[in-house]
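Here is a chain to read by its definitions.

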Amino acid sequence: MITRKEILATYDTIRPWIRRTPVVQLELGELPSVTLKLEQLQCAGSFKARGAFANLLLREVPAAGVVAASGGNHGVAVAYAANRRGVPARIFVPTVSAPAKMERIRQLGAELVVTGDRYADALAAAQDWVASSGAMSVHAFDQRETLLGQGTLGLELARQTEQLDTVLVAVGGGGLIGGVAAWFGGATRVIGVEPDGAPTLTLARAAGQPADAPAEGVAADALAPRRVGELMFPIAQAYVEDVVLVDDDAILAAQRVLWQTARIAAEPAASVGIAALLTGAYKPAPGEHVTVVISGANMSPGQLGEAS
């Protein structure tokens, strides 16, 4: 487990390097007003910058630099943090990664290696590189410092929102929901939202431990590792109240709603929380104050055009 005290100390360390992203209110037709945490405005385009900087600032980085495996957003964040800190970075991504994310990694000066069909393949290649190079691995979700960094989003949100009953959080490997749930510690309801083509936490909860899941759908570049992290799972068992599933059509519809109603650019993975509300996968009780984390916006202009 990680503690609130550790998350607070981590926030003090990374705060000069990240943005305090805003919260806004959004009306969703007949649904009650929902609060959005606009983390797609974070440095490097997603919440992942928090965990990346936590790793680079809390750990001793060797001369060989850092290495990361990523579906895309984590790679962009590690490349960005390494660029800012002046250390070498090598990023492994699978072929499913979005071209816009790959190009951003290159633009930030990291060495990009495209290998395998899914995140697990890129992770295996990254681990081989760590063994041969001596570089420091920055894991996308199963690393204590990563969880501490992502937990600062919960801390920040608590300071920004007076009425906060429930937070809807997208789930892939579980770093974000693990960190956020650790911060709230059961005081605020935390609900995970997953694509039905990549139900990593849903299957883990059913099995009582992290379990292999499929990796399909429109959000596969961000929410489809093989399984959730070992470190986050006890946190999820203790503090994540429920996990709901949404399908691809609902995710794309939610992405369109965010753009059409509020001109909020969100990649598919960042739209799953809104999808849960629009479809009724999560139904707030009367008077319940719900916040949705909009986790990232690393996509091409063409993808945004498709949401118009």
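Two strands pair if DSSP finds at least two bridges between them. The model is predicted.

Q: Why do strand E2 (residues 31-38) and strand E10 (residues 290-294) count as paired?
A: Pairing needs at least two bridges. Four bridges join E2 to E10, and the two strands run parallel. Therefore they count as paired. In E10, Val292 is the bridge partner of Leu36.

Q: What makes strand E1 (23-28) and strand E9 (240-246) edge strands?
A: The open sheet has six strands, in the order E1-E2-E10-E7-E8-E9, with mixed pairing. E1 and E9 each have a single partner strand, so one side of each lacks a neighbour in the sheet. On average, neighbouring strands of this sheet are turned by 30° against each other, direction ignored.

Q: Which strands does helix H7 (residues 175-184) lie across?
A: H7 lies across E7 (166-170), E8 (189-195), E9 and E10. The helix runs at about 170° to E8.

Q: Why is the contact between Lys37 and Glu156 called a salt bridge?
A: The cut-off is 4 Å between a side-chain nitrogen of Lys or Arg and a carboxyl oxygen of Asp or Glu. Lys37 and Glu156 meet at 2.6 Å, N to O, so the pair qualifies. Lys37 lies in strand E2 and Glu156 in helix H6 (residues 144-160), so the pair ties together parts that are 119 residues apart in sequence.

Q: How do you know whether Lys37 and Glu156 are buried or exposed?
A: Buried means under 20% relative accessible area. Lys37 has 0% and Glu156 has 1%. Therefore both are buried.

Q: What makes Arg106 and Glu103 a salt bridge, and how accessible are they?
A: Their closest N and O atoms are 3.8 Å apart, within the 4 Å cut-off. Both residues lie in helix H4 (residues 99-107), three residues apart, about one turn of the helix. Arg106 has 44% and Glu103 has 36%, so both are partly exposed.

Q: How many salt bridges does the rule give, and which residues share partners?
A: The count comes to 12. Salt bridges with shared partners join Lys37, Glu39, Arg50 and Glu156 into one network.

Q: Why is the chain called as compact as a globular protein of its length?
A: The chain has 13 helices and 10 strands. Its radius of gyration is 18 Å, close to the 19 Å that the globule rule gives for 308 residues, so the label holds.

Key:
Residues are numbered from 1 along each chain as its sequence is written. This is a predicted model: local features need pLDDT of at least 70, side-chain atom pairs count only at pLDDT 80 or more; totals for chains, interfaces and linings use all residues. Side-chain values use heavy atoms; hydrogens and water are left out. Axes are lines fitted to C-alpha atoms, for helices over the stretch in contact, and angles run from 0 to 180 degrees between N-to-C directions. Contact means heavy atoms within 4.5 Å. The radius of gyration is taken over C-alpha atoms; the globule rule is 2.2 Å times the number of residues to the power 0.38. Buried means under 20% relative accessible area, exposed over 50%, partly exposed in between (1.4 Å probe, protein chains only).
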